[in-house]
Amino acid sequence: MTALKLTANRSGHLDETLDATQKKVVGVQAPEEVRRYLGAFPAYAPTPLVELPDLAASLGVGQIAIKDESPRYGLCSFKALGGAYAVARLVHRFLEDRLGRAVDPAEMLGDECKALASEMTVSCATDGNHGRSVAAGAQMFGCRCVIFLHAGVSAGRERAIAGFGAEIRRTDGNYDQSVAEATETAEREGWTTVSDFSWPGYEEIPGLVMQGYTLMLDEIFAQSEAPFTHIFVQGGVGGLAAVVAGYFLDRMGKDRPKVVVVEPDLANCLQLSAQANERVSMEPGRSTVMAMLECYEPSLVAWGILEKSADYYVAIPDDHAIEAMRLLAKPIGSDRPLEIGESGGSGLGGLMAVMADSKARETLGLGPSARILLLGTEGATDPELYKSLIEGQPFSQPEAHA
Ligand SMILES: Cc1ncc(COP(=O)(O)O)c(C=O)c1O
């Protein structure tokens, strides 16, 4: 077994104040901006923050609380907060331009606005959850939606997205290649790309997606009875981790908890970027069971925030993520059982890996006085896969997509 590799942020920007654009995206005021549009989301309700005392005791830490995103808007993941919100903001802007007047967000659900919005097409590439959110938003507000899926996205996830009336286009290659194809097609067709991944020249819309996630942080502060000392947050392109770390930095400065970003060891582009001290992409290898985290290049907007706010990076093998899911589903002692999917439980997989490594544990100062925040970012977003993994079926790893 290879030793756990914990990579410290040595960018020289750690704890620097967020700039004005970053504050708008993830700062303490960001959730207020999101709340202004909640009229367009009548189904909004906070998700639970669940304390897991028996799990904490078994791992040798003081307390663990997990934000359970499985019920979020019936879409089963925190991503419901981002893509659909960005679609709402873009449709809202379009409607105000066309109508030449202010539009109350709740009006967007009415026939007049929906008829106008039908002229718009939104599109994106996705591993699953982001596309589901964009498709749900498009359906709610009446615009056309085209979603690009790479070969590794399961049929179950495709069905869930198509269920919101989105047109599905399958692409060759991996996630990054599907992003490129989605973007080229959207430019050619005059569609609006609503991506959670950002690159030079494409920053505003991914920033809106991330701003949408901040509502979850606002809820956590309202729900938690005691401050956290550590956060283990999973990373794909880094958007979620940047929101979590950036929001805590902006709200608490140097008193904030230590943030550890957890990635699959098969797709650890954030950790590799931290090692290189710049945003780098990596070569795709085998697929990981943590399908939503299978990303090979950090998002630009996210990376700029992570340089200032994420303390450590750690990468875990698939079996840790599966073990974490099982532990959440069939908990120790009298902890509450939680239905958290493969990518959603990987923060716990990272915590378990660190607790099993005395050097890493010591570096992070993890022990009986630690209070840890985990983000259970998805439920059983692919119910068949979830069931088979919980029941002990092995995950078959396909070769890299061509
Ligand atoms: C369930 C889940 N957790 C975590 C992430 C990671 O988010 P990001 O790609 O913004 O790093 C994703 C991304 O799709 C996700 O679906």
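Figure 1. Domain 1 covers 6–77 + 205–390 and domain 2 covers 83–195, with bounds that come from an automatic or database domain assignment. Their contact takes 25 residues from domain 1 and 26 residues from domain 2 (two residues are in contact if their C-beta atoms, placed from the backbone, lie within 7 Å). On the domain 1 side, α9 (204–223) and α16 (383–390) each supply at least two residues, and α9 gives the most, with five residues. Sorted by class, that side of domain 1 has 15 nonpolar, five polar and five charged residues; here Ala, Val, Leu, Ile, Met, Phe, Trp, Tyr, Cys and Pro count as nonpolar, Asp, Glu, Lys and Arg as charged, and the others, Gly among them, as polar. Helices (H or I, at least four residues) and strands (E, at least two) are DSSP runs, numbered from the N terminus. A few ground rules apply to every view: residues are numbered from 1 along each chain as its sequence is written. Because the model is predicted, local features need pLDDT of at least 70 and side-chain atom pairs count only at pLDDT 80 or more, while totals for chains, interfaces and linings use all residues.

Figure 2. At 1.5 Å a residue, the 20 residues of α9 should span 28 Å, and its end C-alpha atoms are 30 Å apart, which agrees (the expected span is 1.5 Å times one less than the number of residues). Of those 20 residues, 14 are buried, so α9 is largely enclosed by the rest of the structure. Buried stands for 20 or more other C-beta atoms within 10 Å of a residue's own, exposed for 12 or fewer, and partly exposed for anything in between, with C-beta atoms placed from the backbone.

**Figure 3. The largest nonpolar core.** Of its 138 residues, Val87 and Val244 touch the most other members. A core here is a set of buried Ala, Val, Leu, Ile, Met, Phe, Trp, Tyr and Cys residues joined through C-beta atoms within 7 Å. Domain 1 and domain 2 both give residues to this core, so it lies between them. Leaving aside neighbours within four places in sequence, Val87 is in contact with Val122, Val134, Gly137, Ala138, Phe141 and Val194.

Figure 4. Tyr175, Ser178, Val179, Ala182, Thr183 and Ala186 are the buried residues of α8. Seen down the helix axis, they fall within an arc of 135°, so they line one face of α8 (the arc is that of the directions from the axis to the C-beta atoms). This buried set packs against β4 (121–126), β5 (144–150), β6 (167–171) and β7 (192–193). Over on the other side of α8, Glu184, Glu187 and Arg188 are exposed. Gly190 follows the helix, with a positive phi near 75°.

Figure 5. Most residues other than glycine have a negative phi. Tyr73 has a positive one, near 50°, and sits in the loop between β3 (63–68) and α4 (83–99). Tyr73 is buried, with 22 other C-beta atoms within 10 Å. Asn277 also has a positive phi, of about 60°, in the loop between α11 (269–276) and α12 (300–309). With 13 other C-beta atoms within 10 Å, Asn277 is partly exposed.
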